[in-house]
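The following note sets out points for a colleague who has the model at hand.

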Amino acid sequence: MRFDFTIYSSLLLPPFIHGILFTVLLLVRGTRQNLKSDILLAALLLINALTIANYMLGFAGWYDSHDGYTTFMFYFPFHNDVWIGPLLYFYFLSLTNTQFNFSKNDRRHFILPGLWTVMIIGKGVADYVFYYPFPNIPDFQFGTKGKWAQLDNFIVMRFIGYFSFFYYLYITLKAFKKYQLYVRENFSSTQEISFTWLRNLLYAISAAVIVMVLFELINAVHNGLSYTQDWFAYLAIGIVLYYLSIAGYFTRPVTLQQLNFIPETSETPTIASVEPEIQVWKAKLIKHIESAKPYLEPELTLNELAKQMSTNSSLLSKVINDGTGRNFNDFINHYRVQAVISKLNAGEQKSQTLLGIAMDSGFNSKATFNRSFKKEMGKTPKEYIESLTTS
């Protein structure tokens, strides 16, 4: 098989191989464990790997060989931009809800990608029916393509893909904002399920796509960019592919099994505020927290606390929000911080590490402990300890 190892083809080869490797790994794990998020991520990685392959093989000499390799470059489905947006969106939904299933209403999201796939297949069929064997002239790339070979590369078609991507980026980020509220309202430890890496990745991908759009506009107006200059955008896709595959593959904390985020119903259900009832439940809640100390359980959730108090999570969330002025996460971490302070005031830091004290008080990470302590006390744990020695 022909492959010219130039600086451009060689630098795109590793991310392509990496993408294919993780596509296989995710498909195997997703199939065995019935993880829809893995299967969707595998599809997303495959599409990006194929996008990289287009330029990788082009710089490896396939476009200019004027034989079967060139024909392959014109008819293989390298460009599937309209698939990226829906796959990103549903990957996020499946990652944040272990019970996720596609509904009938979800089918509409795949109408455009489906039509795109039909177009890719159709252009090949049309060219081979009406133009094969291809004329050996420059307009037909010296006998290697038909009239419709570059239909998916027309600028109008490319911009359809870009518009689709930015639409799904918008609704994914909108859902992510609701997810952050859902996490704070239902979990006391959020570090492993915050998925900040995914939000940052969405911004990184959008930046890369914006660059590609600018390249397209410059080429459309001035035809001023060479293939070499375009190559940098595909290298950026390769870098994003590395990050997405590794972060996605190793994001399997136990807490994920408890996620049940649904954007349309993520807000706390409306419950009529009856002040006397709220106050009664608040008193029960405070008594339970102080006696049973459930906050010492690092993975405590709203549902678990509601079961302990023989009530439902909707009512308990209302009691915490209206009765204490805090969300569930802040409420539980308040008691954890107070437990740490009690131990620091007793001088336990002299015989135990600060992290050890934090872990014994219900925190499960140093970062969460430091952030919660600073939010609660207005100073870092070390600053608080120093204030004890000077008072």
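1. The model is predicted, and its residue numbers run from 1 along the chain as the sequence is written. The secondary structure comprises 15 helices and 0 strands.

2. Overall dimensions. The chain has a radius of gyration of 27 Å, whereas a compact globule of 391 residues would have one near 21 Å. Taken along the principal axes, the C-alpha atoms occupy a box of roughly 85 × 50 × 45 Å.

3. Of the 391 residues in the chain, 48% are buried. When contacts between residues at least 6 apart in sequence are considered, 73% of them link residues at least 24 apart.

4. The largest pocket. This pocket has a volume of about 930 Å³. Its lining consists of 28 residues, and those closest to the centre are Tyr 55, Gln 150, Asn 153, Tyr 227 and Asp 230. Two or more lining residues come from each of helix 2, helix 6, helix 7 and helix 8. Helix 7 contributes the most, with 5 residues. By class, the lining of the largest pocket contains 14 nonpolar, 9 polar and 5 charged residues.

5. The largest cavity. How many cavities of 30 Å³ or more does the structure hold? There are 2, and the largest has a volume of about 250 Å³. It is lined by 18 residues; nearest its centre lie Asn 48, Ile 84, Ile 205, Val 209 and Ile 237. At least two lining residues are supplied by each of helix 2 (36-59), helix 4 (81-95), helix 6 (155-186), helix 7 (196-222) and helix 8 (227-249). The lining of the largest cavity is made up of 12 nonpolar, 4 polar and 2 charged residues.

6. The second largest cavity. Its volume is about 60 Å³. Among the residues that line this cavity are Asn 54, Tyr 63, Met 73, Phe 74, Phe 76, Phe 78 and His 79. The lining also includes Lys 123, Ala 149, Gln 150, Asp 152 and Asn 153. In terms of class, 6 of the lining residues of the second largest cavity are nonpolar, 4 are polar and 2 are charged.

7. Pro 15. This residue lies in helix 1 (residues 7-33). Is Pro 15 buried or exposed? Pro 15 counts as buried because its relative accessibility is 3%, and the cut-off for burial is under 20%. Leaving aside residues up to four places away in sequence, Pro 15 touches Ile 52, Gly 238, Leu 241 and Tyr 242. Tyr 242 is 227 residues from Pro 15 in sequence, yet the two C-alpha atoms are 6.7 Å apart in space.

8. Thr 368. This residue is placed in helix 14 (residues 366-377). Thr 368 is classed as buried because its relative accessible area is 5%, which falls under the 20% limit. With residues up to four places away in sequence left out, Thr 368 touches Gln 191, Asn 333 and Phe 363.

Note on methods: This is a predicted model: local features need pLDDT of at least 70, side-chain atom pairs count only at pLDDT 80 or more; totals for chains, interfaces and linings use all residues. Side-chain values use heavy atoms; hydrogens and water are left out. On a 1 Å grid over the protein atoms alone, a cavity is a set of points where a 1.4 Å probe fits but cannot get out, and a pocket is an open set with protein on both sides within 12 Å along at least five of seven lines; lining residues have an atom within 4 Å of a point. Grid points are joined across faces, edges and corners, and a volume is the space filled by probe spheres set on the points. Helices (H or I, at least four residues) and strands (E, at least two) are DSSP runs, numbered from the N terminus. Ala, Val, Leu, Ile, Met, Phe, Trp, Tyr, Cys and Pro count as nonpolar, Asp, Glu, Lys and Arg as charged, and the others, Gly among them, as polar. The radius of gyration is taken over C-alpha atoms; the globule rule is 2.2 Å times the number of residues to the power 0.38. Buried means under 20% relative accessible area, exposed over 50%, partly exposed in between (1.4 Å probe, protein chains only). Contact means heavy atoms within 4.5 Å.
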